[in-house]
Amino acid sequence: MATYINNNFDLGSDAISEVNKMKFGIVVSNWNNNITDNLFDGAYKTLLKYGAKKSNIKKIDVPGSFELVYGCKKMQNKNVDVIIAIGCIIKGETDHYNYICQSVSNGISQLNIINNIPIVFCVLTDHNIEQSISRSGGKYGNKGIESAVAAIKIASIK
Ligand code: DLZ
C-alpha cells in the first residue's frame, strides 16, 4: 500500500493536451499547515507544469481536515472539473485521529458518489510528524504532486 513503491506522479506519455482548459479546485486544511502548505505547493506547481492556467485554479482554506468535506461540497458548486482535498491528520494520544480520518475519507467518498465533480484524496493520515514530513517533500516525495497528476487523469476521464 506504500505510495513510494507504486507511485503515480508523472503523466509521462499520457500527457494530456487539454490541461490548459481544465478548471481545478484545491481545498486546503490549515491544521498542520507546515505540512499542508508543502502539499499545496507540490500540487499547484504540478498543475502549472502540465499546462493549467493560474486563473483556472481556485483555492479554499478550511480550519482542519474535518472541514474538508464541507469545503469540497462548496467547491463542487464553483464550476470546477476536479477538486484536490489537502489535509494532514497526525495521531495523538486519544481516539480523535480515528474519528477525523473516518469522517473525512467517508465524507469525500460520499461526495464522489453523490455529485459529478471528482475529488482526489490528498490527506496524509500519519502516526507522527516525521511520516508527514517524509510525504510532503521529504524522502517519500510529495503527495501533492501525485494528487495533481491524479486530478488531471480523472478530469480527463470525466
Ligand atoms: C482537533 C484536531 C486535531 C486534534 N488534530 C487534527 C489533525 O491532526 N489534523 C487536522 O487536519 N485537524 C485536526 N484537528 C482539527 C479538526 O480537523 C477540526 O478542524 C476541529 O475539530 C474543528 O471542527
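**Salt bridges and a helix pair**

Author: D41 and K45 sit 4 residues apart in helix 1, so about one helical turn separates them. Helices are DSSP runs of H or I with at least four residues, numbered from the N terminus. The model is predicted: local features need pLDDT of at least 70, side-chain atom pairs count only at pLDDT 80 or more, and totals for chains, interfaces and linings use all residues. Numbering runs from 1 along each chain as its sequence is written, and side-chain values use heavy atoms, without hydrogens and water.

Reader: How many salt bridges does a search of the whole structure find?

Author: Side chains of opposite charge can pair when their charged atoms come close. The search finds 4 salt bridges (a side-chain nitrogen of Lys or Arg within 4 Å of a carboxyl oxygen of Asp or Glu). D41 and K45 form one, at 3.0 Å from N to O. E146 pairs with K143 at 3.8 Å. These two are 3 residues apart in helix 5, again about one helical turn.

Reader: Is E146 buried or exposed?

Author: E146 is buried, at 8% relative accessibility (buried is under 20%, exposed over 50%, partly exposed in between, with a 1.4 Å probe and protein chains only). K143 is partly exposed at 21%. D41 is partly exposed too, at 33%.

Reader: Which residues of helix 5 does helix 1 meet?

Author: Contact means heavy atoms within 4.5 Å. L39, G42, A43, T46 and L47 of helix 1 meet K143, G144, I145, A148, V149 and I152 of helix 5.
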